[in-house]
Amino acid sequence: MSNNTSSETHHMSYGTYIMVWLGLVALTAITVSVAGLNFGSITLTVALLIATAKTFLVMNYFMHVKFEHTVFKIFIAVCIITFIIMITLTFFDLSFR
Amino acid sequence: MANGTAAAHVNDVDFYHYEGKHKGIMSWLLTTDHKRIGIMYLAAIVVFFLAAMMLGVLMRIEALTPGQTIMKPQTYNSIFTFHGVIMIFLFIIPAVPAVFGNFFLPIQLGAKDVSFPRLNLFSWYLYMAGGLIALLSLFTGGGAADTGWTFYVPYSIRSSANVSLSVFGAFVLGFSSIVTGLNFITTIHRMRAPGMSWFRMPLFAWALYATSWIQVLATPVIGITLFLIVLERAFGIGVFDPALGGDPLLYQHMFWIYSHPAVYIMILPAMGVVSEIIPTFAKKDIFGYKQIALSSLAIALIGYLVWGHHMFTSGMSDTSRVVFSLLTFLVAIPTGVKVFNWVATLYKGSIEIKVPLLFVMAFIFIFSIGGLTGLVQGALATDIHLTDTYFIVGHFHYVMFGGMGTIFFAALHYWFPKMFGKTYNEKVAIISATLFVIGFNMFYFTMFILGYLGMPRRYYDYLPQYQGLHVFSSIGAFIMVTGIVLMFGNLLRGLIKGEKATANPWGGTTLEWRIASPPPLENFDEIPVVTGGPYVHDRETYIMNPIKVIHKEEEAVH
């Protein structure tokens, strides 16, 4: 098939990779430092939000999702949304028990 | 991709008689032909189904009298567990997609095979491995699992029976399901014939598409959940054990996050088959094509959000229960859309009553009862009374066995001439279908009454006041089983002695009816071109052998 050539058509500089890596290191540092703060019930939410940002960077740059065809982005979005729904509906119960 | 006349020589004989690299049994075990793989699934699934049905018969014999009739309580626990495990994981989930999906999806799309034929064979091996592991667990370790097919903690962690191995069997079966789903999604996206836009796809393909997404997205959750049980049993890591800081309710969430969408994995392909059979026998285009197609996706989507309704009495907060109850009621909407569209297709149709349509009409009747009793349980107040009673067992069998099981039989009768190139005895088929429907309703409707009166599920013993209804239910079971045995006997006889089937015995309009019965190895000599919807009866919507057609036209011009 000739229409699936996205992996050949994009090039990223080492500089971009290093910047993304530094971003990941910085976010890891933030995760560690905020773990020491007492956020109460939103501690988990904060940790998950930072982890989500890191996932976003890894998927887009290291896994090249940024350069993929729209249909793959939709597939990934479906999976992520499903996962968010599972987590939300499972754990929102805890706030009302 | 092979195309054009190059395929003609492999298509001179049907796929059973094509002699490839391997001969005899190896031509099956090493095949990558989607049709052969479908037949191999069929053989395995029918064997598992009959085995689990016999376990069900043993349970109904046991229930004839209070106290011990033919078995001890521990045996009864193991039997209902394995009846459930086999029926759910080895029959209902894979039956329609793995057998008829494998066989007919590529043909209906105008393709020569699925997108990943080797992966397809691999999924069959995973299926067989999972089944054998589950069987092995019966005879090893502490004996057959006794937890029920739901493997609820803490019992599944503490039971001395061989839970780990049977759970591992289900884990492997999950992979088979994921792989099949992945294959179908890719096939539907990439392999449709020219001109087959999304809204020209047969509705069976739409149903398989929605199902495949659930398989891919939900099955990993059950995989990790079952694996956690094994880890809990082996190492006591404490995810579900409250004594170690775990939460048993988390298990129920994770189990039902898969297992509720799984009921849609079971029923959606069956609904797809209904949408194939009705227009064929009503000789009419389907009413509300887009609505039926999109309602499959809507069911898949909403079906994802309702798992908590299995846990109304498990200790969730009131807010959660109200939210899950509300979401549950929403599923009735797309389901209703389907049912009304099917009935509307029959309206003013030129209806030809044949066995597949009889099964479909039985399905609509049975499934409507099953669906409506589901709403009774979806309502919080009534559910408290009915939880863990025979009402649940009745409901589940009405929607799953009456829904998917009936349609599995319908599909067998509908596609039998195409799959095997033989016909069966119509009269015997009608008698067996009638016995099945009468027996089914006696068997399971009685369970609604028993449950309403307070008979708990999974109980070996019961109070004498329930005996009359239990006996009536068991008689229904025996009638139903007689019907099923007669049906398989009739099909087997057709397979051996049946007359040769024509290419299109029912007047179907989808692509599988445009090729020989049984189909040739590569299905089509040339990939067809699609020019219209799948259920149009009054004009051609496919150009078969388009290259030959062009050549003929060119010759005519010259």
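How many residues line the second largest pocket, and which of them lie nearest its centre? The second legend below gives the reply.

This is a predicted model, in which local features need pLDDT of at least 70 and side-chain atom pairs count only at pLDDT 80 or more, while totals for chains, interfaces and linings use all residues. Residues are numbered from 1 along each chain as its sequence is written, chains are lettered from A and ligands numbered from 1 in the order in which they are written, and side-chain values use heavy atoms, with hydrogens and water left out.

**View 1. The interface of chain B and chain A.** Chain B gives 23 residues to the contact and chain A gives 16 residues (contact means heavy atoms within 4.5 Å). About 1600 Å² is buried between chain B and chain A, and carbon and sulfur atoms give 75% of this area. B:Arg190, B:Trp213 and B:Leu217 supply 26% of the area that chain B buries against chain A, more than any other three residues. Buried area is the accessible area (1.4 Å probe) that two parts lose on being put together, summed over both. Between chain B and chain A there are zero salt bridges, a salt bridge being a side-chain nitrogen of Lys or Arg within 4 Å of a carboxyl oxygen of Asp or Glu. Two residue pairs are in polar contact across this interface, both at pLDDT 80 or more. A polar contact is a pair of N or O atoms within 3.5 Å; within protein, one must be able to donate a hydrogen and the other to accept it, and residues adjacent in sequence count only if both atoms are side-chain atoms. On the side of chain B that touches chain A, two or more residues come from each of helix H6 (163–190), helix H7 (203–235), helix H8 (248–282) and helix H10 (318–346) of chain B. Helices (H or I, at least four residues) and strands (E, at least two) are DSSP runs, numbered from the N terminus. By class, this side of chain B has 15 nonpolar, six polar and two charged residues. Ala, Val, Leu, Ile, Met, Phe, Trp, Tyr, Cys and Pro count as nonpolar, Asp, Glu, Lys and Arg as charged, and the others, Gly among them, as polar.

**View 2. The second largest pocket.** The lining has 24 residues, and A:Leu48, A:Thr52, A:Phe83, A:Ile84 and A:Ile87 lie nearest the centre of the pocket. On a 1 Å grid over the protein atoms alone, a pocket is an open set of points with protein on both sides within 12 Å along at least five of seven lines, a cavity is a set of points where a 1.4 Å probe fits but cannot get out, and lining residues have an atom within 4 Å of a point. The volume of this pocket is about 940 Å³; grid points are joined across faces, edges and corners, and a volume is the space filled by probe spheres set on the points. Helix H3 (43–62) and helix H4 (70–96) of chain A each supply at least two lining residues, and H4(A) has the largest share, 11 residues. The lining divides into 16 nonpolar, seven polar and one charged residues.

**View 3. The largest cavity.** The structure holds two cavities of 30 Å³ or more, and the largest has a volume of about 150 Å³. It is lined by 17 residues, of which B:Phe89, B:Ile93, B:Pro94, B:Leu173 and B:Ser177 are the closest to its centre. Helix H3 (73–109), H6 and H7 of chain B each give two or more residues to this lining. H6(B) provides the largest share, six residues. The lining of the largest cavity has 11 nonpolar, six polar and no charged residues.

**View 4. The loop between H15 and E1 of chain B.** A salt bridge joins B:Lys112 and B:Glu522, with the closest N and O atoms 3.6 Å apart. B:Lys112 is in the loop between H3 and H4 of chain B and B:Glu522 in the loop between H15 and E1, 410 residues apart. B:Asn523 also lies in the loop between H15 and E1, and has a positive phi of about 65° although it is not a glycine. B:Pro518 is placed between helix H15 (467–497) and strand E1 (529–530) as well; the peptide bond that joins B:Ser517 and B:Pro518 is cis, with omega about -10°.
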